[in-house]
Amino acid sequence: MSPRPFPYIRRSLETVLRRASAEFPAVVLTGPRQSGKTTLLQRLFGESCRYVSLEPPDVQASAAEDPRGFLESYPPPVVFDEIQSAPQLLPYIKEKIDADRTAAGRYLLTGSQNLLLSQRVTESLAGRAAFLRLLPLSRREAEGSPERPLGWEAPAVPSSAAERSFGGLWEGFLRGGYPELVAQPERDPYLWHSSYLQTYLERDVRTLRQVGDLTQYRNLLRMLAARSAQLLNLTDVARDLGVAVNTIRAWLSVLEATYQVTVVRPYFANVGKRLVKTPKVYFADVGTLCHLAGLKDPEHAAAGPMGDAILETAVVSEIVRTITHRGEEPRVFFWRTTAGTEVDFVVESAGRLIPIEVKLSGTPRTRMASAIRTFRQDLGSVAGPGYVVHPGDVRLPLGPGVTALPFGAL
């Protein structure tokens with residue numbers, strides 16, 4: 001394998017990935033481009049597995065013309081990078097696995113287009129492969145504490161000096177969590193995200209039938225950035241872009257399947273209240289959101305109209321990444337009644353519902369927990385302790401069952 005271009009940052013998924021490769025004949029590792037999939041596999045299996053990128057056209061042609069011969073040329077254990085570029089290999093990989101179901105860790109497959117992978121992989125490798133996702137770095141990974149529990153799972157963890165620094169916190173939001181930006185602080189985050197989005201549009205989106213007009217698709221990205229953390233009315237978006245609602249729905253599914261957005265859906269419970277059913281959409285990386293919003297400096301990001309949306313995006317991103325990198329499926333919702341009472345996030349954790357409010361003020365007040373108190377009263381025993389996450393540095397009680405939690409301690 002080629003040498004790593006920047007220092008390796010330890011990932012929470014390492015333990016799960018090692019276990020999966022010891023138990024399954026194949027492991028499928030998906031995630032957005034540049035999230036570190038190849039680097040992670042190189043770190044764990046570089047000495048024992050050969051590596052093959054399936055993106056070069058000549059390699060794709062070879063795999064398409066003679067799949068069996070191609071696999072014979074690269075006997076296991078082997079890493080096939082970007083398997084969606086040569087999906088015709090999957091039935092023949094299945095054939096190889098079925099010839100010897102006892103050997104584990106034979107095929108390690110990566111992909112950045114879950115939309116294309118899912119059906120083909122499910123049909124070919126059901127019961128034969130472990131499916132894992134690697135997202136960009138969580139904050140705890142970037143800080144060298146990948147195993148650190150979430151704020152409600154363990155006693156209070158002291159915030160570091162970087163977490164207490166206003167500039168450090170919001171500068172981190174502008175950069176986002178892609179490993180290349182985290183490991184190379186001298187890189188210009190605005191230029192990097194501009195290049196990343198162009199690559200995403202050209203390599204991932206252009207190949208999908210659901211997307212015909214890349215200019216309109218780019219406009220959708222900017223529109224979603226402007227409406228981040230708000231209830232998303234697809235009819236309004238379609239009208240503003242001048243396209244059909246079904247087109248917006250298809251494009252949104254592409255964004256979700258290529259790991260560019262996180263769709264947070266409302267939590268429903270039989271509590272005798274009318275609840276809002278419209279989802280919210282957050283960009284999966286807070287740096288992507290800041291770039292699409294045209295933000296380049298921490299002060300403007302914190303004090304501008306996008307401040308609340310940026311902090312909410314950072315919070316949901318940290319929760320989703322931390323849980324996903326344990327090999328688990330994050331279950332994150334929001335709760336809102338038609339009367340307007342809203343809890344930003346509700347996380348299912350250990351059989352309980354953890355309500356989380358996000359506030360831009362670094363000075364927590366008791367009144368900030370009013371929606372959490374309503375939620376806990378309505379949901380009863382299933383509701384766990386609630387948290388008001390803020391960008392400050394204080395952790396203190398805001399009444400029974402509610403705690404103000406610094407973002408750095410999330």
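Modeller: This is a predicted model. One place to start is helix α18, whose buried residues pack against β8 (332-336), β9 (342-349), β10 (352-358), β11 (386-390) and β13 (402-406).

Biologist: Which residues of α18 are buried?

Modeller: In α18, residues 370-379, they are Ala 371, Ile 372, Phe 375 and Leu 379. Seen down the axis of α18, these buried residues fall within an arc of 100°, so they line one face of the helix. Just after α18 comes Gly 380, with a positive phi of about 65°.

Biologist: What makes Ala 383 count as buried?

Modeller: Buried means under 20% relative accessible area. Ala 383 has 4%, so the label applies. Ala 383 lies in the loop between α18 and β11.

Biologist: Which residues is Ala 383 in contact with, leaving aside its neighbours within four places in sequence?

Modeller: Ala 383 is in contact with Arg 352, Leu 353, Phe 375 and Arg 376. Contact here requires heavy atoms within 4.5 Å. The C-alpha atoms of Ala 383 and Leu 353 are separated by 4.7 Å, although the two are 30 residues apart along the chain. Phe 375 is also one of the buried residues of α18.

Biologist: What is the order of the strands in the open sheet?

Modeller: The order is β7-β6-β8-β9-β10-β11-β13-β12, eight strands with mixed pairing. β7 (280-283) and β12 stand at the edges with a single partner strand each, so one side of each is left without a neighbour in the sheet.

Biologist: How do you know that β6 and β7 pair?

Modeller: Two strands pair if there are at least two bridges between them. Four bridges join β6, residues 261-266, to β7, and the two run antiparallel. Val 261 stands opposite Phe 283 in β7.

Biologist: What joins β12 to β13?

Modeller: Two bridges join β12, residues 396-397, to β13, in the antiparallel sense. Leu 396 stands opposite Ala 404 in β13. The two strands form a hairpin with four residues between them, and Gly 399 in the turn has a positive phi of about 120°.

Biologist: How are β8, β9 and β10 joined?

Modeller: β8 and β9 are antiparallel and share four bridges, with Val 343 in β9 as the bridge partner of Trp 335. The hairpin of β8 and β9 has five residues between the strands, and Gly 340 takes a positive phi near 105°. β9 and β10 also run antiparallel, over five bridges, and Pro 355 in β10 is the bridge partner of Val 346. The hairpin of β9 and β10 has two residues between the strands, and Ala 350 takes a positive phi near 55°.

Biologist: What makes you call β9 mostly covered?

Modeller: Seven of the eight residues of β9 are buried. β13 gets the label on a count of four buried residues out of five.

Biologist: Why is Arg 128 called buried?

Modeller: The cut-off is under 20%. Arg 128 has 13% relative accessibility, so Arg 128 counts as buried. Arg 128 sits in the loop between α6 (114-125) and β5 (129-133). Not counting residues up to four places away in sequence, Arg 128 touches Phe 24, Pro 25, Ala 26, Lys 94, Ile 97, Asp 98 and Arg 101.

Biologist: Which residues of α5 are buried?

Modeller: In α5, residues 90-99, Leu 90, Ile 93 and Ile 97 are buried. Seen down the axis of α5, they fall within an arc of 55°, so they line one face of the helix.

Biologist: How many cavities of 30 Å³ or more does the structure hold?

Modeller: There are two. The largest cavity has about 70 Å³ of space. Its lining has 10 residues, of which Tyr 8, Ile 9, Arg 11, Thr 39 and Pro 179 lie nearest the centre. The lining divides into seven nonpolar, two polar and one charged.

Notes: Residues numbered from 1 in each chain as written. Predicted model: local features only at pLDDT ≥ 70, side-chain atom pairs only at ≥ 80, totals over all residues. Heavy atoms only, no water. Buried < 20%, exposed > 50% of the residue type's maximum accessible area, 1.4 Å probe, protein only. Arc of directions from axis to C-beta. 1 Å grid on protein atoms, 1.4 Å probe; cavity = no way out; pocket = protein on both sides within 12 Å on 5 of 7 lines; lining within 4 Å. Points joined across faces, edges and corners; volume = space filled by probe spheres on them. Nonpolar A, V, L, I, M, F, W, Y, C, P; charged D, E, K, R; others polar.
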